[in-house]
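Dear colleague,

Please find the structure for your review below, followed by a short account of what was found in it.

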Amino acid sequence: MNDDEEIIYISNVFRSIQGEGIYEGVPSVFVRLPGCNLNCTWCDEQQNMQRKKYSLKRVSEIVNSFATRHVVITGGEPLLSRKIKNLIEIFKKSNHFITIETNATILRENINCNFVSMSPKLAHSEMGNDTVLGEKQRIKPTIIDYYIGRYPYQLKFVARNMEQDFNEIEHVLSLLKTYNRERVLVMPLSNSRMDLFKVQQEMIGLCIRHQFRYANRLQLQVWDNGIEA
Ligand SMILES: Nc1nc2[nH]cc(C(=O)O)c2c(=O)[nH]1
Ligand code: SF4
């Protein structure tokens, strides 16, 4: 079969601005893939995600119709898809700048993306779950090392319990071979604009103390919980 006709499951495709991380504010097309290997208690994506079949060619046509250079492949956990490499290759043909948003627990070698945005999940992501996977399943230092060694990257942590979470982030970083502290970002766990405003002062204080970069959630600030763009 021709690669273009291969089928991939997609949740949705939309255009907005990158709301999180070092490319904040950059006009981007988001391609969301369903399914995840983790089960974060606060995950707003897992439950209501659609799962629609598309040919790779069709996804690429939709993405190209937005005439936007940056493409963000997110999820769910997009690296779970065995078609991810081919999806990226087809976007590359139209000169897109490709970011992968991943929880950094899945190793996919030789993917041709431009930027890997890793969000390793802290212990609070599992609090209250019936089955707890634990640190060994959530944090895979050798996988994080692999991506750090081969791609431009950011490590984007979601924090909720302030001091405790910042100490846990330091612990995760201590497991890595090497990393650039300027590439470490911390973002508040918020699900509304009000929530974001409430916690940001305290979190910025902690970011300054730990020398991490504070990451906003611009989409929440702009659209609150509404539909983006
Ligand atoms: N605007 C906007 N920026 C984002 N950055 C990462 C997102 C994600 O859902 O992974 C996301 C998202 O859903 N919307
Ligand atoms: S890793 Fe991301 S997509 Fe997966 S359950 Fe956690 S928040 Fe949801």
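In this predicted model, the residues that surround ligand 1 are Ser16, Ile17, Gln18, Gly19, Glu20, Phe30, Arg32, Thr74, Glu101, Gln219 and Glu228. Sorted by class, this shell has five polar, four charged and two nonpolar residues. Two strands, S2 (12-17) and S3 (27-32), each supply at least two residues of the shell.

Some polar atoms of the protein can be located beside ligand 1. In the side chain of Gln18, an N or O atom is 2.6 Å from a nitrogen atom of the ligand. Gly19 contributes through its backbone, where a polar atom is 3.0 Å from a nitrogen atom of ligand 1. For Thr74, a polar side-chain atom lies 2.6 Å from an oxygen atom of ligand 1. Ligand 1 taken alone exposes 320 Å², and 91% of that is buried by the protein.

Please turn next to ligand 2. Ten residues surround this ligand, and the closest are Cys36, Cys40, Cys43, Gly76 and Asn103. The shell around ligand 2 comprises five nonpolar residues, four polar residues and one charged residue.

Gly76 also deserves a look in the backbone. A cis peptide bond, with omega at about 15°, joins Gly75 and Gly76. Gly76 itself is found in the loop that runs between strand S5 (70-74) and helix H2 (84-92).

A further backbone detail concerns Ala67. This residue is not a glycine, yet its phi is positive, at about 50°. Ala67 is found in the loop between helix H1 (56-65) and S5.

Finally, there is a pair of helices to examine. How do helix H5 (residues 163-174) and helix H6 (residues 193-210) cross? Their axes come within 11 Å and cross at roughly 35°, and the crossing in which H5 passes H6 is right-handed. On the H5 side, the residues that meet H6 are Glu163, Phe166, Asn167 and Glu170. On the H6 side, Met203, Leu206, Cys207, Arg209 and His210 meet H5. Divided by class, this contact has four nonpolar, three charged and two polar residues.

With kind regards

How values were computed: Residues numbered from 1 in each chain as written. Chains lettered and ligands numbered in written order. Predicted model: local features only at pLDDT ≥ 70, side-chain atom pairs only at ≥ 80, totals over all residues. Heavy atoms only, no water. Axes fitted to C-alpha atoms, helices over the stretch in contact; angles between N-to-C directions. Helix = DSSP H or I, 4+ residues; strand = E, 2+ residues; numbered from the N terminus. Left-handed = near helix turned anticlockwise from the far one by under 90°. Contact = heavy atoms within 4.5 Å. Nonpolar A, V, L, I, M, F, W, Y, C, P; charged D, E, K, R; others polar. Near = heavy atom within 4 Å. Polar contact = N/O pair within 3.5 Å; in protein donor to acceptor, adjacent residues only side chain to side chain. Areas by Shrake-Rupley, 256 points an atom, 1.4 Å probe, with all protein chains shown as cover.
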